[in-house]
Amino acid sequence: HAADAHRTDLMTITRYVLNEQSRHPESRGDFTILLNHIVLGCKFVCSAVNKAGLAKLIGLAGETNVQGEEQKKLDVLSNEVFIKALISSGRTCILVSEEDEEATFVEPSKRGRYCVVFDPLDGSSNIDCGVSIGTIFGIYAIKDDHEPSLDDVLQPGKNMLAAGYCMYGSSCTFVLSTGNGVNGFTLDPSLGEFILTHADMKIPKKGNIYSVNEGNAKNWDGPTARYVEKCKFPTDGSSSKSLRYIGSMVADVHRTLLYGGIFLYPADKKSPNGKLRVLYEVFPMSFLMEQAGGQAFTGKQRALDLVPKKIHERSPIFLGSYDDVEEIKALYAAVP
Ligand code: AHM
Ligand code: MG
């Protein structure tokens, strides 16, 4: 029975990546090992996030501090877990984390060829009210035989080998692309394994949801303002779009990927480069969107073509369904 086979033949994320890698004869399993360490970090964060409310009540971890300190602690804790897991994988050479001002250069004896850029716990201001948060990451590889330097990570997003996120929500979901489509895995807590649940994810060509912090509207530029106005008061006879904004990038992007539509974090007068960070927020999400058949645009160019000059650089971002991003591109193109 096909249905039985489905239930007994579990496609874990490790098995999936091993299959993928076997298409590359030169592969030595390094990528699989690296990914396993990222997955370990995500499982740790998942467990810590699930206990966060409880910890506050009965004092599980970091019990000595009160008044919102847990929040901060969870960020820092997650970062430490990822940094240590990534170094101990023996497959990394440079790590860039949202939590650390400077990049981490792995000591030669533990070095490998991968660079990992990541936000260990994005949207952490949402922890206390139980809203979904996530980890976002991207992976580059250095060219053989040279001393790792920042130039190895100051690369356009299109040079990433892989990107993904893990969402800590009502279930724990890991979405990954190794440049060959997008696949989603859900953590089975009883097995401690991520199982393939969303094979070959494709974003709808057009959606009916827009997602933006409208509180910033008074500071928007013309094209962003016109776009959002069109979402609410369409002039082409189409129906108006729904607004959904969680304020947690992983959750907003995950919904956009599944249901279609557009996510915007535009420039505004106060923050001319928007809020989101190029390396570990904009690039991985843009990579996933393109791999799922959508688009990602900065207001000036394809997001993945951007070449960052600094590791914590920011950029405006518009990403989502192909047709919806096409519309915002047209509005920006119309401005001289
Ligand atoms: P953080 O890295 O400090 O958590 O901020 C990033 C978050 C994103 O998850 C989210 O898309 C955005 O900030 C929301 O910002 P705002 O509250 O300005 O709408
Ligand atoms: Mg962040």
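How many nonpolar, polar and charged residues does the shell around ligand 1 have? Sorted by class, that shell has 1 nonpolar, 5 polar and 5 charged residues.

**Stop 1: the ligand.** Keep in mind that this is a predicted model. Select ligand 1 and show the residues around it: Glu-98, Asp-119, Asp-122, Gly-123, Ser-124, Asn-213, Gly-247, Ser-248, Met-249, Asp-252 and Lys-275. Two elements give two or more residues to this shell, namely strand S3 (111-122) and helix H6 (249-259).

**Stop 2: colour by confidence.** The protein chain averages 91, and 92% of the residues score at least 70. For the complex, the predictor gives an ipTM of 0.96 and a pTM of 0.93. Then select residues 58-71, where pLDDT stays under 50. The model has 15 contacts beyond four places in sequence for this stretch. A word of caution applies here: where pLDDT is low, the predicted coordinates should not be read in detail.

**Stop 3: helix H8.** Select residues 322-333. This is helix H8, with 12 residues, and from first C-alpha to last it reaches 16 Å, close to the 16 Å expected at 1.5 Å a residue. Show the side chains of Asp-324, Val-325, Ile-328 and Tyr-332, which are the buried residues of H8. They sit on the same side of H8 because they cover an arc of only 95 degrees around the axis. The spacing rule is a handy one: an α-helix has 3.6 residues a turn, so residues three or four places apart point the same way. Turn to the face of H8 directed away from the buried side and you'll find the exposed residues Ala-330 and Ala-333.

**Stop 4: helix H2.** Go to residues 13-21, helix H2, and pick out its buried residues: Ile-13, Tyr-16, Val-17 and Glu-20. Look down the axis of H2: these residues fall within an arc of 95 degrees, so they line one face of the helix.

**Stop 5: a loop residue.** Finally, select Leu-154, in the loop between strand S4 (133-141) and strand S5 (162-168). Beyond its neighbours within four places in sequence, Leu-154 is in contact with Pro-308 and Lys-309.

Note on methods: Residues are numbered from 1 along each chain as its sequence is written. Chains are lettered from A and ligands numbered from 1 in the order in which they are written. This is a predicted model: local features need pLDDT of at least 70, side-chain atom pairs count only at pLDDT 80 or more; totals for chains, interfaces and linings use all residues. A residue is near a molecule or strand if its C-beta atom, placed from the backbone, lies within 6 Å of it. Helices (H or I, at least four residues) and strands (E, at least two) are DSSP runs, numbered from the N terminus. Ala, Val, Leu, Ile, Met, Phe, Trp, Tyr, Cys and Pro count as nonpolar, Asp, Glu, Lys and Arg as charged, and the others, Gly among them, as polar. pLDDT is the predictor's confidence in each residue, from 0 to 100. Two residues are in contact if their C-beta atoms, placed from the backbone, lie within 7 Å. The expected span of a helix is 1.5 Å times one less than its number of residues. A residue is buried if 20 or more other C-beta atoms lie within 10 Å of its own, exposed if 12 or fewer, and partly exposed in between; C-beta atoms are placed from the backbone. The arc is that of the directions from the helix axis to the C-beta atoms.
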